[in-house]
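Trainee: I have a model open and would like to learn how to read it. Where do we begin?

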Amino acid sequence: MKAIVNIGLKQGVLDDQGKAINHALGTLGFKEIVKDVRVGKQIIIELGDLSQDAAKAEVTKMCEELLANTVIEDYNIEIVG
Amino acid sequence: MNVAVLQFLGTNCEYDTKWAFEQLGAKATVIWHQDTQIPVGTDLVVIPGGFSYGDYLRSGAIARFANIMKSVSEYAAKGGKVLGICNGFQILLEAGLLPGAMKRNDTLHFISRHHTLAVVNNNNTFLQECKVGEVLNIPVAHHDGNYYIDSDGLAELYANEQVLLKYCDKDGNPISMNGAVDHIAGICNKQKNVFGLMPHPERAMQELLGSSDGVRMLQGFFK
């Protein structure tokens, strides 16, 4: 079982890296189709045996305590396997 | 005056900081992050600059779980004075000892140069030797100094005179340096005993180094 955690800046917090990538995609000719770019990070955690619900609860604690800075970041957890 | 300068894996300003406080007559001791107690009789804890734990995950995110930080939190809760410089500021934000968070500089560049700072409030221990509106010339060196706080938090900072320093031009007009909200370079907590700033006063202790404006800043802790 593993947890896939996606972390990104909250909506409303200016994403300067996303903005720079958006600009670069524009200069490459994708200006017409690219509306917005947001950058995040993905953390993949291999977990031992536990239920889906327990896994979600534990990984939520990890996000709140360490993986995300909830002042500026949102996170999303997917439990697979 | 006894100063405890913390040292984490990846800290690189601990000896400059120790030297700076010694120049002003303090006894400064470097404290290893695995220690569990701030030494008895400490008048000021300084979390110096550097790249603790390689800035992995987020700057300061790992250092805040070091053994010594529990003692720092207890020390601060009892009113003990704590100063975080650069990475030290980032650690204090991650630890929740100061409000807000750091983002990557809006230019996405690492910025390393002297910059002028305007003193916003001096009604605190740290900047009591400086005048409001005074322009200080202090080096900055960081990648993640784009200070963020939401609008309610910002209003609270102003209401409690917690905004200490802003990046400014040579005439003292605030200007954007790294994208920080309202060009904020340094803040303190509501109780005015925990201070954080991105610029490095310990690197501005002699004219030979380009500026001695750091002297007046650090001297505040000796009053």
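Mentor: Begin with a helix on a sheet. α3(B) lies across β3, β4, β10 (184-188) and β11 (194-197) of chain B. It runs at about 120 degrees to β4(B). Axes are lines fitted to C-alpha atoms, for helices over the stretch in contact, and angles run from 0 to 180 degrees between N-to-C directions. Contact means heavy atoms within 4.5 Å. Helices (H or I, at least four residues) and strands (E, at least two) are DSSP runs, numbered from the N terminus.

Trainee: What should I know about the model itself?

Mentor: This is a predicted model: local features need pLDDT of at least 70, side-chain atom pairs count only at pLDDT 80 or more, and totals for chains, interfaces and linings use all residues. Residues are numbered from 1 along each chain as its sequence is written, chains are lettered from A and ligands numbered from 1 in the order in which they are written, and side-chain values use heavy atoms, with hydrogens and water left out.

Trainee: How do I read a sheet, and in what order do the 9 strands of chain B lie?

Mentor: Strands of a sheet pair through backbone hydrogen bonds, either parallel or antiparallel. Here two strands pair if DSSP finds at least two bridges between them. In chain B the order is β2-β1-β3-β4-β11-β10-β9-β6-β7, an open sheet with mixed pairing. β2 (27-32) and β7 (135-142) of chain B are its edge strands, each pairing on one side only. Neighbouring strands are turned by 25 degrees against each other on average, direction ignored.

Trainee: Which helix packs on that sheet by touching β1 (2-7) of chain B?

Mentor: Helix α1 (residues 14-23) of chain B. It also touches β2, β3 and β4 (81-85) of chain B, and its direction makes about 170 degrees with that of β1(B). For one strand pair, take β6 (residues 111-119) and β9 (residues 163-168) of chain B: they run antiparallel, joined by 4 bridges. B:T116 has B:C168 in β9(B) as its bridge partner.

Trainee: What is the strand order in chain A?

Mentor: β2-β1-β3, an open sheet of 3 strands with antiparallel pairing. The edges are β2 (40-46) and β3 (73-80) of chain A. From one strand to the next, the twist averages 20 degrees. Helix α2 (residues 52-67) of chain A packs on this sheet, touching β1, β2 and β3 of chain A, at about 155 degrees to β3(A).

Trainee: How many bridges join β1(A) to β2(A)?

Mentor: There are 7, and the strands run antiparallel. A:I4 has A:I44 in β2(A) as its bridge partner. On β1 (residues 2-9) of chain A, pairing with β3(A) is antiparallel over 8 bridges. A:V5 stands opposite A:I77 there, and A:N6 has A:N76 as its partner.

Trainee: Now the interface. How much area do chain B and chain A bury between them?

Mentor: The size of an interface is often given as the accessible area lost when the parts come together. Buried area here uses a 1.4 Å probe and is summed over both parts. Chain B and chain A bury about 1,200 Å², 61% of it on carbon and sulfur atoms. B:L57, B:R58 and B:K103 supply 42% of the area that chain B buries against chain A, more than any other three residues. In contact are 16 residues of chain B and 16 residues of chain A.

Trainee: Which residue of chain A forms a salt bridge with B:R58?

Mentor: A salt bridge is a side-chain nitrogen of Lys or Arg within 4 Å of a carboxyl oxygen of Asp or Glu. The partner is A:E73, with the closest N and O atoms 3.7 Å apart. The count between the two chains is 1 salt bridge. B:R58 also forms a salt bridge with B:E94, at 2.8 Å. B:R58 lies in the loop between β3 (44-47) and α2 (67-77) of chain B and B:E94 in helix α3 (residues 87-94), so the pair ties together parts that are 36 residues apart in sequence.

Note on methods. Buried area is the accessible area (1.4 Å probe) that two parts lose on being put together, summed over both.
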